[in-house]
Amino acid sequence: MRVDPYSVEGKVDYDKLIKEFGLEKIDDALLNRIKKHTNELHFMLRRKIFFAHRDLNWILDEYEKGNKFFLYTGCGPSGPIHLGHLMVWYFTKWLQDKFDVELYFQFTDDEKFLYKNLSYEEVQKWLYENMLDVIAVGFDPKKTFFVIDTKHVGIMYPLAIKVAKKITFSTVKAAFGFTDSTNIGSIFYTAMQAVPSFLPSVLKGKNIPCLIPHAVDQDPHFRVTRDVLPKLGYYKPASIQSSFLPPLTGPEGKMSSSEAIKSILSTDTPKQVKEKINKYAFSGGQPTVEEHRKKGGNPDIDVAFQYLRYMFEESDEKLAQLEQDYRSGKLLTGELKKYAIEKINAFLKEHQERRAKAKEILDEFILKV
Ligand code: TRP
């Protein structure tokens, strides 16, 4: 297994990651504490899809004292948006609504230009496309601020160099696996990803707690950030971290923008979704109907079932029923896939309707400084 911001490979062992990264598990005590403020728990919390955190208890301590946090998350514009991105962002919207807080949303066009084999112009095209998807999630335009690295560089750069001065090459080498042939822009980049975690504190002239919802592969960036920020007089950012939505090909790795065949995209048509699930979604079912009826299927490795669990079946009772019927052999792979296709398409229909109108309000979201 390998998990860092620049590669996720193999079957991910989340308990092992908790130990290796030094994360805290999200336990029932913490869930109850969150529930006191949110009334209900998002199904991604109930199902431990967001499974780990750093300093979330501190965020709630401050919140209970009347000291609100802000949310920070982001997107690297290197290709189309897929369900794995949307999962984290829809959960972030839930947090924004429930806690009534501001969200700073970073677009790292610099990062993707530096790390990927893409021209600057291609990255700018994805930047625009990806912003439409983020708006389509439904964030509150009055409380959401897009920070675009190459556009907001004037306010970001003075802060990034303060971070960069506290980070050595050997630290980033170990955290991101750099070698002597890594380009120097990539080596500097983590300083840019640190900036939004204290930018609001700088803009407002007082320290504000920061909570970062993100997929666990981004943790190495924020480990470095957490080491540096207290040295600059700011709080360490807290985080809430998700596991990976599996790619269509099965339980290993993660959905990825550069491998469109493994992914369901935000702009896929109902027909494309149907084809992708039917043709490519890894099945935990048996090779023949007779065998399936006799032995039953395995929902743990079945991609259609996992998509329902991660994102598309909000009802725990319904999900438990599907699981039971699939294990017993009563529910066939084709039937399970059909249900997943309907759910995904209903979700994407609404997302796409909001996406079509997003360009009219894009300007409202850009941070004005
Ligand atoms: N590096 C992330 C990516 O490649 C983008 C990003 C920037 C981000 N800031 C973030 C993701 C904060 C989560 C939280 O997609």
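These legends accompany close-up views of the ligand site, the pockets and the cavity in a predicted model.

View 1. Welcome to the ligand site, where 14 residues surround the ligand. Tyr72, Gln106, Glu111, Lys112 and Gln193 are the closest of them. By class, this shell holds four nonpolar, eight polar and two charged residues. Strand E5 (70-75), helix H6 (109-115) and strand E8 (210-215) each provide at least two shell residues, and E5 gives the largest share, with four.

View 2. Which side chains have an N or O atom 2.9 Å from a nitrogen atom of the ligand? Glutamine 106 is one of them, and glutamate 111 is another. The backbone takes part here too: a polar backbone atom of glycine 76 lies 3.2 Å from a ligand oxygen atom. On its own the ligand has 370 Å² of accessible area, and the protein covers 91% of it.

View 3. Strand E2 (7-9), E5, H5, H6, helix H10 (184-194) and E8 each contribute at least two lining residues. The largest share, five residues, belongs to H5. In the lining as a whole, 18 residues are nonpolar, 21 polar and nine charged.

**View 4. The second largest pocket.** About 510 Å³ of space can be found in this pocket. Of the 18 residues in its lining, Phe43, Tyr90, Met311, Glu314 and Phe347 sit nearest the centre. Helix H3 (43-46), H5, helix H15 (303-312) and helix H17 (333-365) each bring at least two residues to the lining. The lining is made up of ten nonpolar, one polar and seven charged residues.

View 5. How many cavities of 30 Å³ or more does the structure hold? There is one, and the largest cavity has a volume of about 70 Å³. Among the residues lining this cavity are Ile34, Leu45, Phe69, Leu211 and Ile240. Helix H4 (56-64) and helix H5 (83-99) each supply at least two lining residues. The lining has eleven nonpolar residues, with no polar and no charged ones.

Conventions: Residues are numbered from 1 along each chain as its sequence is written. This is a predicted model: local features need pLDDT of at least 70, side-chain atom pairs count only at pLDDT 80 or more; totals for chains, interfaces and linings use all residues. Side-chain values use heavy atoms; hydrogens and water are left out. A residue is near a molecule or strand if one of its heavy atoms lies within 4 Å of it. A polar contact is a pair of N or O atoms within 3.5 Å; within protein, one must be able to donate a hydrogen and the other to accept it, and residues adjacent in sequence count only if both atoms are side-chain atoms. Accessible areas come from the Shrake-Rupley method with a 1.4 Å probe; for residues, only the protein chains shown count as cover. Ala, Val, Leu, Ile, Met, Phe, Trp, Tyr, Cys and Pro count as nonpolar, Asp, Glu, Lys and Arg as charged, and the others, Gly among them, as polar. On a 1 Å grid over the protein atoms alone, a cavity is a set of points where a 1.4 Å probe fits but cannot get out, and a pocket is an open set with protein on both sides within 12 Å along at least five of seven lines; lining residues have an atom within 4 Å of a point. Grid points are joined across faces, edges and corners, and a volume is the space filled by probe spheres set on the points.
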